[in-house]
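Please work through the interface between the two chains shown here, and then through how the copies are related to each other.

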Number of protein chains: 2
Amino acid sequence: MTSSTAPIEEFDLIIIGAGSGNSIPAPELKHLKIAIVDDGRWFGGTCLNAGCIPTKMFVRPADLVRNVREAGRLGVSTAEVSLDWAAVRDRVFGRIDPISQSGEQYRASGEANISLVRETVRFTGMHELTTASGRVLRATQIVIGGGSRPRELEVLPFGETVFSSDDAMRLEHLPERIAVVGGGVVAAEFSAIYSGFGAHVTQLNRSELFRGLDHDIAETFTEVGSRNWQIRAGIEITEAKQTAAGWTLTLSDSSTLEVDAVLVAVGRVPNSDRLATPEVGFDHEEDGRLSVDAYQQVLKNGKPVGGVFALGDISSPHQLKHVANHDARVVARNLLAEARIARGEDAQLTENTLGPVPYTVFSAPEIAVFGMSLPEAQAAGYKAIEVRQDYGGTAWGWALEDEDSFCKLVVERGSGVILGAHIIGPDSPILLQPLLQAASFGQSIRGLARGQYWPHPAATEIIENALLQAEEEIQK
Amino acid sequence: MTSSTAPIEEFDLIIIGAGSGNSIPAPELKHLKIAIVDDGRWFGGTCLNAGCIPTKMFVRPADLVRNVREAGRLGVSTAEVSLDWAAVRDRVFGRIDPISQSGEQYRASGEANISLVRETVRFTGMHELTTASGRVLRATQIVIGGGSRPRELEVLPFGETVFSSDDAMRLEHLPERIAVVGGGVVAAEFSAIYSGFGAHVTQLNRSELFRGLDHDIAETFTEVGSRNWQIRAGIEITEAKQTAAGWTLTLSDSSTLEVDAVLVAVGRVPNSDRLATPEVGFDHEEDGRLSVDAYQQVLKNGKPVGGVFALGDISSPHQLKHVANHDARVVARNLLAEARIARGEDAQLTENTLGPVPYTVFSAPEIAVFGMSLPEAQAAGYKAIEVRQDYGGTAWGWALEDEDSFCKLVVERGSGVILGAHIIGPDSPILLQPLLQAASFGQSIRGLARGQYWPHPAATEIIENALLQAEEEIQK
């Protein structure tokens, strides 16, 4: 399959994707000749340039403004609060873009053993890649961290006024009326951002929002979110017609919706197809992800392909930066171990066993969860109990005048281990950590609340009380 | 010492103080004849009525307003934001006062075995109390949870325009110019509240603020706090003259300060003197606290007085509600155990060993700490290291545009146990908990960061990075 004319460029290691994969070249790999390949619009991956990091820089001011708008019940009166879209955008990318650019520059010329290839590549052999310009790259070890891309809607292909999260923060002007299509984290975060900045947002989703989450969490999100933007769940776009102003969307209930622009956030597609990994026979999951084993080794006919590893969105069921980063740590370790094994040295590959995986949504409200809901735990055969602690049942909840937020715990009766934690409400991404820590280290909830102080009257008393409730419940 | 005329009223158990002590009468004590004694202006103790809980209900709106005022750098523009003192006060106490009143009503008439005595009492024997009206109460077991009261300044005795935290939230009008005297948590929280509500606040303290805390924390607090109110540390009030408008304070640097009112928050005095515990010979610490042993038993000549326990501010070095609550749990257990031992049954008293104790300040900025600073750890003979992680070095810090906040960890080199954690910045009271949990269960920091996920890009990444730094440092 190799192009017959191009000279073959040989490397010890090729890393595809400069997101989490970019952290792999550590001092321990200084002896290797490495190529880093990335054809991204920006260098450094989705999280840095169009994902987690810049979104939070928009979330924060949007939150401030929304909190003040809602603060009449707390005694705050305000003439008018507004947010300057262009100022925030320029501040955010004035910070992000130079980081991305200096990261690229460093990779291009910072280390003698590393080359940067800024081209699209396709696998043309199990250890061979051919670039768009016809270069042929080969390596003993290849790491595939090629990520994912926003999924397109057939009825609304991407264009100037139909954009994905890639462009959602770089808009020249904030449209007045925006449809946000989707029911997951990206749609939820941008609905909160745009509405916070003053746009009229309608979120459309073909099913309920957050279908994969605990039912109460999903329901409360929809209820609270609806106070700040329109949510229309269980509805599809059947037709989209471009107008002078923007779009007229015809919906499955025959109603129409006039908007200036549409954000399509209906999931992300792993980039395996673009890398042509199916063509060389690597195994894939039904959704197009590369199949990997517990060591992050890429599989072919169910068996690991020596020297080929994958990490992050292109192979993980979790499209989460913290998961991709951990995958990368496992891969970095296994690259070295594999080389040692090949040299006949005593070494072992490391399994990727870290869990449970937290999932956070920085919308309004915020969500933080890990593990199973009660029905999931029961379906998996666990004897489990569930408890619910409302924020409003604690002093901090009084301070917030909160009537919506809560924490649910699912605990295995016998072991006392937390099988799932589901929090919706202010600061939930931080409140989750003590529970996550206990679950990650297999610590029982027996004695967990009373074995430590919980400073009064901090929000962590929500967690303390949930644990006490659960402890009582498993004793029944 | 007993009054000769009054008939003696006999109880199995007398509880002095309806703060944390009020949680002691649980179903297990249903067989006892119990008296609860409290002469407080409100029922339910300081925390509920004049402390932790209502202050946080003022802190929250003050925070909101301050955040918006400071949010120009985040792109938020606002015409004017203001807070309605009377509306917040009425909302807070419209919620607090009925809770206090219904608690009192329940204690007065809710349970047949419990009587409520709403009078000042003095010890007139080791197991005997005499009330102001001359009633004589005796019991086999007595719990002293009489709390503490604000300390008065000689130069500025309490009066209509010189008030303590007891009255600080119930003011009819918010004075325009307020002097807050003190350098601890109460002074810091009220300086933030009053300035957030729009008053011109000058905080005066004779030494640096937060003298007992890590030096960097104290210094950063002063620097950041000074952006919202005036802080004059290392200064004393030498003279106070009442004027038509309020007070002219002469300070130790010969300058004067004109204010409308003064909040005196220079510490709290344990109420042992009012209960006349010195008169019956109980032991006391230098600061007037009752001396107790590890079982919360009150001591006399260094030995436990049978049947007499103490809890909370009146006996603890920590004037903290979460400590008082835990003391109360230990006392409740030991009341039963002591009675069993007296009946010749097999039982043991429980030691109060819980630690470390967190200390949180809900001011602007927030502070959360436990344990020792590096100099304290070294003085105590530990081989310890210290690391510092700035909020600004994490994605969340970028979202906040934070340049002030940080987390310091002090870790014992050998065991890897956290000896101290010191956080200043947004959400520090919540961010402390995973560290507190690890320290409370003696968990080493080795593997702690990498043994669990930290959802990206939540504020908890500050903690993750502090742990990783510390892990590297103890390996050196």
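Q: How many salt bridges are counted between chain A and chain B?
A: In this predicted model, a salt bridge needs a side-chain nitrogen of Lys or Arg within 4 Å of a carboxyl oxygen of Asp or Glu. B:R91 and A:E401 form such a bridge, with their closest N and O atoms 2.8 Å apart. Between chain A and chain B, the count of salt bridges is four.

Q: Which helix gives the largest share of the side of chain A that touches chain B?
A: Between the chains there are 18 residue pairs in polar contact, both residues being at pLDDT 80 or more. On the side of chain A that touches chain B, 10 residues, the largest share, come from the helix spanning residues 52-69 of chain A, which is helix α2.

Q: How many residues on the side of chain A that touches chain B are nonpolar?
A: The contact involves 74 residues of chain A and 74 residues of chain B, and about 6600 Å² is buried between the two chains, 64% of it on carbon and sulfur atoms. By class, the side of chain A that touches chain B has 12 charged and 19 polar residues, while the number of nonpolar residues is 43.

Q: What kind of rotation axis relates the two copies?
A: Chain A can be laid on chain B by a turn of 180° and a shift of 0.0 Å along the axis, with an RMSD of 0.0 Å. The copies are therefore related as by a rotation axis that is two-fold.

Q: Which residue of chain A comes closest to the rotation axis?
A: The same surface serves both copies, since 100% of the contact residues of chain A recur in chain B. Among the residues of chain A, the one whose C-alpha comes closest to the rotation axis, at 2.4 Å, is A:P434.

Q: How many residues apart in sequence are the parts that A:E9 and A:R135 tie together?
A: Over all chains the structure holds 54 salt bridges, one of which joins A:E9 and A:R135 with the closest N and O atoms 2.8 Å apart. A:E9 lies in strand β1 (residues 8-16) of chain A and A:R135 in the loop between β7 (128-131) and β8 (136-144) of chain A, so the pair ties together parts whose separation in sequence is 126 residues.

Terms used:
Residues numbered from 1 in each chain as written. Chains lettered and ligands numbered in written order. Predicted model: local features only at pLDDT ≥ 70, side-chain atom pairs only at ≥ 80, totals over all residues. Heavy atoms only, no water. Contact = heavy atoms within 4.5 Å. Buried area = accessible area lost by both parts, 1.4 Å probe. Polar contact = N/O pair within 3.5 Å; in protein donor to acceptor, adjacent residues only side chain to side chain. Helix = DSSP H or I, 4+ residues; strand = E, 2+ residues; numbered from the N terminus. Nonpolar A, V, L, I, M, F, W, Y, C, P; charged D, E, K, R; others polar. Least-squares fit on C-alpha atoms with pLDDT ≥ 70 in both.
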